[in-house]
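Please read it with the structure open.

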Amino acid sequence: MKRIGLLSTTVLPFVTMAQNPNVVLIVADDLGYGDISCYGATRVSTPNVDDLARQGIRFTDAHCVASTSTPSRYGMLTGMYPFRKPDTNIAAGDASMIINPDQYTIADLFKDNGYYTAAIGKWHLGLGSTAGGQDWNGVVDQTPNDLGFEYSYIMAATADRVPCVFIEQGRVANYDPEAPIRVSYQKPLDGEVTYMMTPESELKLKSSHGHNNAIVNGIGRIGYMTGGGKALWKDEDIADSITAHALQFIDQHKDRPFFLYLATNDIHVPRYPHDRFRGQSPMGLRGDAIAQFDWTVGQVTAKLKELGLTENTMIILTSDNGPVLDDGYIDKAPELAGDHRPGGHMRGGKYSAFEAGSTIPFIVSWPGHIPQDRVSKALFSQIDLMGSLSQLLKAKLPANAGRDTRGVLNTMTGKGRKGTRYNISMSSNRSLTIRTARWKYIEPSPGRPLMQSVNIETGFTSQEQLYDMTSDPGETVNVADKYPKVAAKLKGILRQSRNAYQYKAR
Ligand code: NG6
Ligand code: CA
């Protein structure tokens, strides 16, 4: 059962609620700090994202809490660091739901305060009560609808993981009774034609590493799958489907406050944008996927404008983790990048402990209510979204909800500069890093310094690392020996934080 009892007594009267803005939280996938033009990209143009920045505040030191998707989203949606729960690694498409229905989420916060809530797009936080036990041909028993989202239209995991279908309110959308769905993360299914069995001439994209199990729409995937029929997505139409559902949701709920978690598939692999975005950048499919993402943003802002909701809607735009070029498909991203730096001036990328893994674009716009065309250098962490949004709603979080989140609404809305006290980010080997306004500490951890398959420096070494972000934002000079007290202090915060509590299901 959800803990709504406590809150329902503190719900604000409707008149006040009507003045609360709608909130649209747009979360891109693998979009790096340097991937959009207002953050310095020149080989791709993102006019719609840039417009948002002009109408609001663009943060230059904002962070997610992990350099991969599942743990990052877990932290953002629950206000609890993902290192507190062991099953928060990159989730398979048949993982069971990682957020416990008992846990309080950002969606619960909005719902309890009179908002209509939706999750549309990439999910990647598991579904159902049993891993591998989901009924893809009936009703999936645990979904975002059990986490405070009243409406959900989602991809179970990622575009490169089966099942390759959208799930709407717990059922496969456009379900095709002629083509029952079977999914396995163990072995090929009886009669399945796999990627490895498919002639090269029938491939839309070749895999560079992994992604060689099922083949759907001419593209290899992680995990095996048969069936699906007309419910199977076409990669070139994914952005259109997600955007159309987002616009429809806004249309349908324009008369009451709504919260929309809009998690785009762009620019995760396989990057296979619609024809109309092809060639929009000289960077090939990755650049075109960025253009497609920008189009989605433009569609949302245009819809809000059409409905007269621009001034009554806060838009937050961010990404789940840092960038990667070759993430498993031969789409020429590395070859065509030229002098484009997806991670901006920072070192590392997705998966990494270095800054480009967790420093992400972060823009807040709320025309007429917060400053325009402002750049904020304040440290900001997505862990503080829940706390800050509860301040926006003037709502108290229930006891034990979002235990790691703190309210920094003033910073988010340009009234203050203090920002997040510190951010802890988890890398792909589950080691932790901590950032304060000035320092970055990377704890020693096992692992290779270079993740060869993706050509990204991990930052994993047996040495303690400390970097002075004010003088060395590229993390080039390890000053752990020069400032042992600083290193010890940050290490101490990590230790304390780890020991503070572990997530326990009630
Ligand atoms: C990796 C996948 C990568 C991507 C990532 C998750 C391989 C070889 N690589 O394991 O393609 O799917 O997981 O990305 O399978 S994330 O942004 O959703 O975390
Ligand atoms: Ca991601």
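Where pLDDT is low, the predicted coordinates should not be read in detail.

Residues are numbered from 1 along each chain as its sequence is written, and chains are lettered from A and ligands numbered from 1 in the order written. Local features need pLDDT of at least 70, side-chain atom pairs count only at pLDDT 80 or more, and totals for chains, interfaces and linings use all residues, while side-chain values use heavy atoms, without hydrogens and water.

**Pockets and cavities**

A pocket is an open set of points on a 1 Å grid over the protein atoms alone, with protein on both sides within 12 Å along at least five of seven lines; a cavity is a set where a 1.4 Å probe fits but cannot get out; lining residues have an atom within 4 Å of a point. Volume is the space filled by probe spheres set on the points, which are joined across faces, edges and corners.

| Space | Volume | Lining by class |
|---|---|---|
| Largest pocket | about 630 Å³ | 11 nonpolar, 9 polar, 11 charged residues |
| Second largest pocket | about 360 Å³ | 8 nonpolar, 7 polar, 4 charged residues |
| Largest cavity | about 60 Å³ | 5 nonpolar, 3 polar, 3 charged residues |

Here Ala, Val, Leu, Ile, Met, Phe, Trp, Tyr, Cys and Pro count as nonpolar, Asp, Glu, Lys and Arg as charged, and the others, Gly among them, as polar.

In the largest pocket, 31 residues form the lining, and Asp384, Gly419, Thr420, Arg421 and Tyr422 lie nearest the centre. Strand S14 (374-381) is one of the elements that give two or more residues.

The whole structure holds 3 cavities of 30 Å³ or more. The lining of the largest cavity includes Asp235, His268, Arg271 and Gln292.

**Nonpolar cores**

A nonpolar core joins buried (under 20% relative accessible area, 1.4 Å probe, protein chains only) Ala, Val, Leu, Ile, Met, Phe, Trp, Tyr and Cys residues through side-chain atoms within 4.5 Å. The largest has 113 residues. Ile120, Leu260, Tyr261, Leu385 and Leu389 have the most contacts inside it. Ile120 touches Leu260 and Tyr261, among others including Phe249 and Ile242. Another core lies apart, with 19 residues, among them Ala66, Leu432, Ala480 and Leu494.

Notes: Helix = DSSP H or I, 4+ residues; strand = E, 2+ residues; numbered from the N terminus. Buried < 20%, exposed > 50% of the residue type's maximum accessible area, 1.4 Å probe, protein only. Contact = heavy atoms within 4.5 Å. Lists of a residue's contacts leave out its neighbours within four places in sequence.
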